[in-house]
Amino acid sequence: MTGPLNESTRLEPPAPRSPARPIRENVVRLDPAVRRELQDAEVLLARRQAEDALRQRNRELALLNRACQAFSATLDLDRVLAAILEEVRYLMDIAACSVWLINRETGELVCHEATGPQNEIVRGWRLAPGEGLAGWVAQNNQSLIAPDTQADERHLKDVDQLTGLVLRSILSVPLRAKQHVIGVLQVSDIDVDRFKPEDLTLMESLAAMAAIAIENARLYAEEQQRAAALARALEQQQELDRLKNEFIRNVSHELRTPLALIYGYAELLDDGGLGELQPDQREPVSVIARRTRMLHKMVDDLMIILETEAQAPQRKPLNLADLVRELLADFQIAVQQAGLTLVAELSPNLPKVPGDIESLRRVLDNLLGNALKFTPPGGQITVRLWAEGPAVMLEVADTGIGIPPDQLERIFERFYQVDGSTTRRYGGTGLGLALVKEIIEAHGGKVGVESNEGRGSTFTLTFPIAGG
Ligand code: ADP
């Protein structure tokens with residue numbers, strides 16, 4: 001090129017994406033003014049190319065930002081997939097697009113969503129591992145551009161035959177979550193050589209976000225399923241519990257009357273009320289009376305636990321100090337016979353608490369009974385009553401054998417006894433503390449225990465002053 005450049009050559013730089021013309025090698029032969037103009041044109045061209053690239057990048061970023069917002073707007077997998085296809089359509093003018101996900105059980109690649117003509121045929125299509133272009137991408141964890149599917153052996157021709165649409169160009173990128181391929185995002189077009197490396201970069205960025213959205217939606221769906229399964233299991237468990245309690249209630253109810261009769265006669269026999277017993281009859285009759293008493297109490301306690309559980313006790317304002325005094329009087333003789341001291345520390349003028357007197361009498365009876373049973377002679381039982389904030393506190397403390405720390409939680413379970421062996425020293429049914437807990441909680445209160453082995457135990461009850 002030797003002659004002067006015409007106006008249009010100088011003013012119209014080449015199209016942005018085409019490479020710069022080889023101007024430099026000719027510049028040496030031109031006069032300085034023309035050379036300067038050419039150099040200016042070269043600079044202008046480079047600047048425009050840079051500006052174009054920047055604009056394109058900005059546009060892509062804006063699109064990816066839009067896609068990111070669309071993906072994070074829902075945790076529903078179908079909606080996420082629909083949003084992905086929508087965004088791809090927005091980004092590119094293409095004939096078809098599909099999202100394929102790997103089935104974790106079979107390893108097959110299954111088409112979950114597709115747009116384009118005959119998409120209903122493609123949706124649900126299953127590819128064996130490695131099959132077709134999408135299968136290749138999933139298996140090799142690598143993106144690909146197939147500029148002409150007719151010349152690519154990996155392309156599955158059956159799909160085109162079924163849809164009646166020959167897709168000549170395909171761009172396929174893996175969907176990766178935590179380094180694993182979970183599926184493939186694929187776009188196709190009827191033109192040959194439709195996709196450029198820039199399209200691939202853009203699709204890979206989109207796929208990275210899409211994969212996270214898909215994985216989140218899957219995890220959410222799994223969590224939902226787990227929660228639903230748990231709710232069902234809980235419902236079944238509650239139903240079983242209800243049936244079991246109903247059964248125990250019925251059996252206990254049937255046992256109660258005959259047992260009361262047997263218990264009454266056994267006591268009468270034991271006391272000699274039905275005539276003097278022979279010396280060799282005394283011990284067996286006393287065993288019968290003792291065991292029947294225990295059985296009678298067990299059935300009684302069970303019935304009360306189940307009744308308290310089923311319906312809240314009727315509560316009226318009551319003076320706890322009066323109830324404590326009444327129980328202390330009942331226990332006085334037994335405490336003396338056991339060689340123990342009974343101490344009461346009752347704060348004066350305590351507010352009344354809403355309570356069911358019968359139930360609370362049982363509570364105190366059980367706690368004092370345990371303190372008496374588990375405290376060796378010479379020990380002390382202390383009952384304290386005081387107000388603390390919006391509650392009245394009641395404490396039954398003993399200097400008895402104590403409870404091992406690892407058993408403290410368990411003693412409130414039904415039928416639980418620290419020494420559950422058949423040869424245990426202390427009698428009982430293991431229902432007393434379960435009953436205490438059930439009744440106190442039904443009163444809106446709390447039960448606590450502190451204990452030191454060999455030093456004693458303290459049971460603390462919290463009674464809310466206002467009915468809860
Ligand atoms: P039980 O009929 O056996 O007394 P409870 O439910 O009242 O049943 O108590 C459960 C277990 O908790 C008892 O068997 C005993 O091992 C332990 N326990 C309860 N109260 C005391 C206490 N004051 N001192 C030591 N151990 C206790």
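In the predicted model, a polar backbone atom of Leu433 lies 2.8 Å from an oxygen atom of the ligand, a polar contact being a pair of N or O atoms within 3.5 Å. The side chain of Asn370 places an N or O atom 2.8 Å from an oxygen atom of the ligand, and an N or O atom in the side chain of Asp398 is 2.9 Å from a ligand nitrogen. On its own the ligand has 530 Å² of accessible area, of which the protein covers 96% (Shrake-Rupley method, 1.4 Å probe).

Helices (H or I, at least four residues) and strands (E, at least two) are DSSP runs numbered from the N terminus.

The protein is divided into domain 1 (56–219) and domain 2 (313–464), with bounds from an automatic or database domain assignment. The C-alpha centres of these domains lie 70 Å apart.

Helix α8 (residues 197–270) bends by about 35° at Arg256, and Pro258 follows within four residues; the bend is the angle between axes fitted to the seven residues ending there and the seven starting there. Gly272, with a positive phi near 85°, follows α8.

Residues are numbered from 1 along each chain as its sequence is written. Local features need pLDDT of at least 70 and side-chain atom pairs pLDDT 80 or more, whereas totals for chains, interfaces and linings use all residues, and side-chain values use heavy atoms, with hydrogens and water left out.

Methods
A polar contact is a pair of N or O atoms within 3.5 Å; within protein, one must be able to donate a hydrogen and the other to accept it, and residues adjacent in sequence count only if both atoms are side-chain atoms.
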